[in-house]
Amino acid sequence: MIFLIDHNIEGQATWLWGTILAEGWLDLIEIQFITFEQVKLSIESSDLVVWRFAQKNKMIVLTANRSMKGKNSLEEVIRTERGLTIAGTRITIYDIMDYVTAQYPPKFIRGLFDLTEAQINAALAYIEANRADVEAEYQIVLKEAEELRLYYEEKNRDLIARIAAQPPQPGTEAAWEKLRAAKAKREAKA
């Protein structure tokens, strides 16, 4: 396991290395700490450059937080219990992927999700920098979503049929007729 140590935590990394050594972790697992200087990576490198370098070399980045904000910040896309999420929102990268794969322009996606330019740029940069991993996760999300849709469709089939069979509430007949006409039109197109 190789850790790429950012210049802003070299002191903490030295302490951590001492603890790892003292606790005997090196007897259990091979661990290396590598500094930016050792790999000739500039401390001024963007987060995206650092991230790509670490991914290419199978390293884990230890940082106190590099630039935090900006179109290439690693902090703009974070992993939460919902998956890869745009920081400060509930919007996942998978939500964005639906539109990226359909080749919608970034400006449209930005407006659709009410994102800032920095947020959409960070999301798209993250997707580009990690295309294979994001695509693999996206396919899993799509599969799980379809399984859930089928499960709830089956589970609620009788309930939906009973509700659909009920007569409309007084005064809503015209609205229901419009909905039925729209549904018939949509089904005719399919």
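The model is predicted.

**Exercise 1.** Determine which loop holds Ala-64 and which residues Ala-64 touches, leaving out those up to four places away in sequence.

Solution. 
Step 1. Strand 3 covers 59-62, and Ala-64 lies in the loop between this strand and strand 4.
Step 2. Contact requires heavy atoms within 4.5 Å. With residues up to four places away in sequence not counted, Ala-64 touches Asn-8 and Ile-9.
Step 3. For Ala-64 and Arg-131, the separation is 67 residues in sequence, and their C-alpha atoms are 26 Å apart in space.

**Exercise 2.** Describe the division of the protein into domains and the interface between domain 1 and domain 2.

Solution. 
Step 1. Domain 1 spans 2-62 and domain 2 spans 77-152. Their centres, taken over C-alpha atoms, are separated by 29 Å. Four residues from domain 1 and six residues from domain 2 make up the contact.
Step 2. The size of an interface is often given as the accessible area lost when the parts come together. For domain 1 and domain 2 the buried area is about 310 Å², with 53% of it on carbon and sulfur atoms.
Step 3. On the side of domain 1 that touches domain 2, two residues are nonpolar, one is polar and one is charged.

**Exercise 3.** Find where in the protein confidence is lowest and where it is highest.

Solution. 
Step 1. The average pLDDT of the protein is 87, and 94% of the residues score at least 70.
Step 2. Confidence is lowest in strand 4 (residues 77-80), with a mean of 76, and highest in helix 4 (residues 106-113), at 95.
Step 3. Where pLDDT is low, the predicted coordinates should not be read in detail.

Terms used
Residues are numbered from 1 along each chain as its sequence is written. This is a predicted model: local features need pLDDT of at least 70, side-chain atom pairs count only at pLDDT 80 or more; totals for chains, interfaces and linings use all residues. Side-chain values use heavy atoms; hydrogens and water are left out. Domain bounds come from an automatic or database domain assignment. Buried area is the accessible area (1.4 Å probe) that two parts lose on being put together, summed over both. Ala, Val, Leu, Ile, Met, Phe, Trp, Tyr, Cys and Pro count as nonpolar, Asp, Glu, Lys and Arg as charged, and the others, Gly among them, as polar. pLDDT is the predictor's confidence in each residue, from 0 to 100. Helices (H or I, at least four residues) and strands (E, at least two) are DSSP runs, numbered from the N terminus.
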